[in-house]
Amino acid sequence: MQLSRRQFFKVAAGGLTGSSLAAMGFSPTAALAEVRTFKLARTTETRNTCPYCSVGCGIILYSLGDRAKNAHAEIIHIEGDPDHPVNRGSLCPKGAGLLDFVHSKNRLKYPEIREPGSKEWKRISWDEAYSRIAKLMKEDRDANFIARNADGVTVNRWLTTGFLAASASSNEAGYITHKVVRTLGMLAFDNQARV
Amino acid sequence: MTNHWSDIKNADVILIMGGNAAEAHPCGFKWVTEAKAKNKARLVVVDPRFTRSAAMADLYAPIRTGTDIAFLGGVIHYLITNNKVHMDYIKSYTDMTFLVKEEFAFVDGFFSGYDVEKRKYDKSTWEYQMGEDGYVRTDPSLENPRCVWNLMKAHFSRYTPEVVENICGTPKKTFLQVAELLASSHTPDRVMTILYALGWTQHSTGSQIIRTAAMVQLLLGNIGRAGGGVNALRGHSNIQGLTDLGLLSNLLPGYMSLPGEKETDYDTYIAKRAPKPMRPGQMSYWQNYGKFHVSLMKAWYGAAATKENNWAFDYLPKLDKTYDVLQVFELMHQGKMNGYVAQGFNPLNSFPNKAKVSAALSKLKFLVIMDPLATETSEFWQNYGEFNDVDPAQIQTTVFRLPTTCFAEEDGAIVNSGRWLQWHWKGAEPPGEAKPDTEIMAGLFLKLRELYRKDGGAFPDPLLNLAWNYKLPHEPSSEELAKEYNGKAVVDLLDPKDPTKVIKKAGELLDGFAQLRDDGSTACGCWIFSGAWTEKGNMMARRDNADPWHNGQTLGWAFAWPANRRILYNRASADPAGKPWDARRKQVWWDAASSKWVGSDIPDFKADSAPEEGMGPFIMTPEGVARFFARGMMNEGPFPEHYEPFETPIGVNPMHRNNPKATSNPAARVFKGDMEAFGTAKEFPYAATTYRLTEHFHYWTKHVQSNAVIQPEQFVEIGEALAAEKGIQAGDRVKVSSNRGYIKAVAVVTKRIKPLQVDGKTVHHVGIPLHWGFKGVAKNGFITNTLTPFVGDGNTQTPEFKSFLVNVEKA
């Protein structure tokens with residue numbers, strides 16, 4: 001948006017905000033330039049929580065795009081949430097660098113497989129990944145599931161495949177993971193809290 | 001944390017030991033600064049290194065790594081002998097008057113019942129004397145020599161300041177200054193908080209170190225009080241939540257536990273976990289275990305969990321032993337595991353003895369990685385020169401790597417150290433084809449269920465009957481899952497006091513765990529989270545930061561488990577008559593007019609139990625009080641005792657010189673081969689410890705450009721004295737080796753690590769930050785856990801990352 005000098009004064013005369021801007025000595029061109037370059041004004045704010053340590057600092061994600069269905073949101077800035085009662089807007093050197101985590105060049109983008117003895121990754125589809133993993137899991141479970149122990153007691157456990165759960169995934173991810181893993185009869189199951 | 005981050009501001013004394021909050025939890029540490037500035041609080045730091053926290057301390061005491069029980073045992077001795085205990089508090093709120101069995105003993109480093117061959121205790125003598133009325137016998141006069149108080153006094157009488165100095169290397173004068181400052185919080189008008197982290201957990205005696213700290217806090221009357229407590233500063237953002245949800249080999253959600261194969265009778269399983277009160281008038285809240293358990297099974301298996309099949313009890317796997325990660329990698333190393341899934345976890349870097357972990361992974365048939373980042377574990381088979389010298393052609397493991405979203409790309413809740421469940425919202429789409437973990441778990445499960453439906457297979461019942469009523473079965477939403485762990489009514493719930501009234505209609509969300517029932521009429525995936533998403537909405541998303549009492553208990557911000565309580569055991573903040581110990585720090589109190597407990601926090605107590613009824617504040621224990629005497633609940637003894645790390649720089653336990661079998665934790669589990677892989681001080685003379693830097697988070701931020709810029713290259717820290725001895729200059733490359741391997745890094749020569757005099761020897765420490773690896777945008781480096789020993793704590797099996805032996809030489 002471009003405003004001419006005359007238009008600016010019209011706006012300024014119309015409201016307290018405009019007049020106080022002028023009173024503080026902002027020249028129209030400087031003020032207008034500021035409006036044009038202040039990128040955060042065009043962003044969508046989303047409340048989130050820092051994923052690193054356990055202080056649980058509140059953060060605000062600033063993304064381009066207005067959440068419209070076809071607008072691709074792009075996070076361009078992350079800062080501390082000043083309303084948060086613990087961090088009150090501050091962040092440490094880790095939290096302050098979160099944007100580079102979101103956009104790290106080492107983010108994984110596609111399902112991949114490394115075949116036995118191979119030196120490289122090969123991209124596969126999600127469906128192929130699910131199918132091959134489920135087949136391997138089922139083969140192992142069917143072959144090694146222990147329904148009864150040596151004393152004939154029902155134990156229904158599967159010991160030859162294990163699962164390590166995350167340390168930063170959400171409660172909801174943790175909950176559904178537990179639900180599925182136990183249902184399969186797995187006991188070799190831990191999360192980062194163990195170490 | 002028994003308390004929470006902003007509550008630290010209420011403290012008068014702060015002890016940071018076994019952690020370095022200024023470095024590892026900087027924004028939480030601000031509340032220490034706040035307490036110092038606004039409350040004239042004094043900060044004490046005890047650490048082998050002069051850390052960033054120490055730099056802010058009023059008093060710093062050096063300590064040899066792995067000797068914290070000796071130090072804190074010395075504090076207990078000091079408090080008792082100088083009569084600096086909160087006597088009114090401990091008389092009413094602890095087991096000090098309880099009588100212990102005559103047969104219980106402690107001789108020459110072993111408690112009664114030790115089997116040297118099995119390295120295990122028969123704990124039957126570690127128990128109270130029971131009276132004919134079915135309750136524990138007590139002696140309020142404290143004259144009986146079998147009182148917990150008298151046994152405890154005798155046990156710690158050996159931990160004199162001289163013994164502390166000899167074992168810990170802490171100068172006696174400094175130790176006494178620390179003890180005196182800590183002791184100043186024994187009066188009702190002063191409170192101390194203890195902040196610790198993995199510097200306590202990661203020892204072969206880690207659990208007992210933390211217990212010793214809890215005993216100190218009980219003696220001082222600091223548990224349940226604002227500005228007090230024993231506060232674990234957890235290492236990851238939702239490690240608290242995943243622990244609460246029971247994602248550990250032996251647990252179920254909400255600190256319930258899996259049945260063992262010796263308790264396959266359902267009623268026995270429940271009865272064992274629902275103990276009757278051990279003293280008259282006590283709550284023993286775990287008596288409700290059946291309600292929590294049945295509600296869990298209804299949440300998981302719906303209509304398939306019935307009274308007739310004991311709520312699908314056979315669906316749960318039964319344990320023959322604990323399958324902690326050390327046990328699992330031992331089995332993997334023996335070739336007894338075929339598959340493994342690592343979800344947001346990097347075991348090659350995170351577990352001890354990298355060579356063993358790498359060899360174990362190489363024996364797998366398949367490995368599945370779910371992660372936002374390219375972890376070292378996902379490429380354990382790839383040759384990265386000296387950093388990972390393996391031959392891919394020799395490794396026959398099929399590896400899948402599945403891309404997941406990160407925090408910014410999903411909705412959900414995570415639980416901070418203060419037990420706050422905080423909701424977060426999605427800000428953008430993930431890169432490429434990455435998916436949330438919830439969706440990947442659904443995808444795998446649905447594919448498996450399809451195969452079992454089609455082809456049958458081993459015990460398909462639990463899979464086929466798992467409740468999966470999500471609107472989009474392939475994409476269960478965080479909202480649906482959060483409501484499921486909150487719990488709902490399965491049928492109309494009638495008011496037990498007036499059956500004409502319906503409390504909750506079928507399908508409605510519950511208000512909290514008090515509404516749970518054991519007749520199948522309620523479903524709840526995690527009882528301690530009940531109340532998080534009710535008919536009133538998402539309580540975890542609340543953002544009212546008002547603090548009307550100016551004590552930091554912002555009850556309208558997010559949701560704290562249990563029942564939105566901010567400080568656990570807060571009934572103990574009031575005296576037995578129900579009046580706050582300190583009128584300036586009012587938390588909860590008995591309001592005679594309304595016959596209710598009221599206050600600035602949600603009372604952690606039976607709301608209408610008048611003080612005259614004598615119910616104790618520790619409602620989760622069958623005793624109703626806190627325990628100095630742990631009974632059979634710890635594996636190495638009911639009282640903490642100093643044992644040396646498995647790799648000890650002095651080779652002897654000065655507490656038990658004549659019993660070499662009591663040098664290190666007698667009840668810690670050590671696998672064959674790992675004992676042989678321990679080094680001795682002769683070859684590896686220096687005490688090493690690992691830790692984090694403020695610029696990095698674990699093994700993640702080496703993938704992050706800004707962090708890689710500010711802390712690019714792997715280094716180790718050694719003191720000036722050791723550097724001079726070895727002819728090492730700051731900036732030289734050094735090789736640090738243990739009996740399990742070596743790393744090479746730049747030497748930082750520092751004044752912050754000083755040699756200590758221990759048992760007539762000079763002990764040097766070597767500090768090893770843990771953040772590097774062979775993947776990332778920082779300079780590649782060695783995996784620190786190449787060096788660490790494969791042995792865990794005697795109870796939790798958390799590896800002893802914080803105390804081991806190394807040698808240092810110029811590379």
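How many Å apart do the C-alpha centres of domain 3 of chain A and domain 4 of chain A lie? The gap is 24 Å, and the points below start from there.

1. **What you're looking at.** This is a predicted model, in which local features need pLDDT of at least 70, side-chain atom pairs count only at pLDDT 80 or more, and totals for chains, interfaces and linings use all residues. Residues are numbered from 1 along each chain as its sequence is written, while chains are lettered from A and ligands numbered from 1 in the order in which they are written.

2. **Domains of chain A.** The bounds here come from an automatic or database domain assignment. For chain A, that assignment lists domain 1 (5-37), domain 2 (40-102), domain 3 (108-134) and domain 4 (145-194).

3. **Domains of chain B.** Chain B is split into domain 1 (5-237 + 624-633), domain 2 (325-407 + 434-451), domain 3 (477-535) and domain 4 (660-810). Between domain 1 of chain B and domain 2 of chain B, the C-alpha centres are 39 Å apart.

4. **Where the chains meet through helices.** Take helix H6 (residues 171-183) of chain A and helix H17 (residues 437-455) of chain B: they pack at an angle of about 20 degrees, and their axes are 8 Å apart. Helices (H or I, at least four residues) and strands (E, at least two) are DSSP runs, numbered from the N terminus. Axes are lines fitted to C-alpha atoms, for helices over the stretch in contact, with angles running from 0 to 180 degrees between N-to-C directions. H6(A) and H17(B) are therefore roughly parallel to each other (angles under 35 degrees count as roughly parallel, over 145 as roughly antiparallel, 65 to 115 as roughly perpendicular and the rest as oblique).

5. **Handedness and contacts of that pair.** The crossing of H6(A) and H17(B) is left-handed, meaning that the near helix is turned anticlockwise from the far one by less than a right angle (right-handed if clockwise). On the H6(A) side, the contact is made by Glu172(A), Ala173(A), Ile176(A), Thr177(A) and Val180(A). H17(B) brings Asp437(B), Thr438(B), Met441(B) and Phe445(B). Two residues are in contact if their C-beta atoms, placed from the backbone, lie within 7 Å.

6. **Strand E8 of chain B.** Is this strand, residues 192-196, mostly covered or mostly open? It is mostly covered, with five of its five residues buried. A residue is buried if 20 or more other C-beta atoms lie within 10 Å of its own, exposed if 12 or fewer, and partly exposed in between, with C-beta atoms placed from the backbone. Met192(B), Ile194(B) and Tyr196(B) point one way from E8(B), and Thr193(B) and Leu195(B) the other way.

7. **Partners of E8(B).** Two strands pair if DSSP finds at least two bridges between them. Strand E1 (residues 13-17) of chain B runs parallel to E8(B) and is joined to it by four bridges; there, Val13(B) has Met192(B) as its bridge partner. Strand E9 (residues 230-232) of chain B also pairs with E8(B) in the parallel sense, over three bridges, and Ala232(B) in E9(B) stands opposite Tyr196(B).

8. **Strand E13 of chain B.** In E13 (residues 366-371), six of six residues are buried. One side carries Phe366(B), Val368(B) and Met370(B), and the other Leu367(B), Ile369(B) and Asp371(B). E13(B) pairs in the parallel sense with strand E12 (residues 339-343) of chain B over five bridges, and with strand E14 (residues 398-403) of chain B over six bridges. Gln343(B) has Met370(B) as its bridge partner, while Val368(B) stands opposite Phe400(B) in E14(B).

9. **The barrel.** Six strands of chain B form a closed barrel in the order E26-E32-E27-E29-E28-E33, with mixed pairing. On average, neighbouring strands of this sheet are turned by 45 degrees against each other, direction ignored. Strand E28 (residues 733-738) and strand E33 (residues 804-810) of chain B pair in the antiparallel sense over four bridges, and Val734(B) stands opposite Lys810(B) in E33(B).

10. **Ala54(B) and Met56(B).** Ala54(B) sits in helix H3 of chain B and is buried, with 21 other C-beta atoms within 10 Å. Met56(B) is in the loop between helix H3 (52-55) and strand E3 (59-62) of chain B. With 18 C-beta neighbours inside 10 Å, Met56(B) counts as partly exposed.
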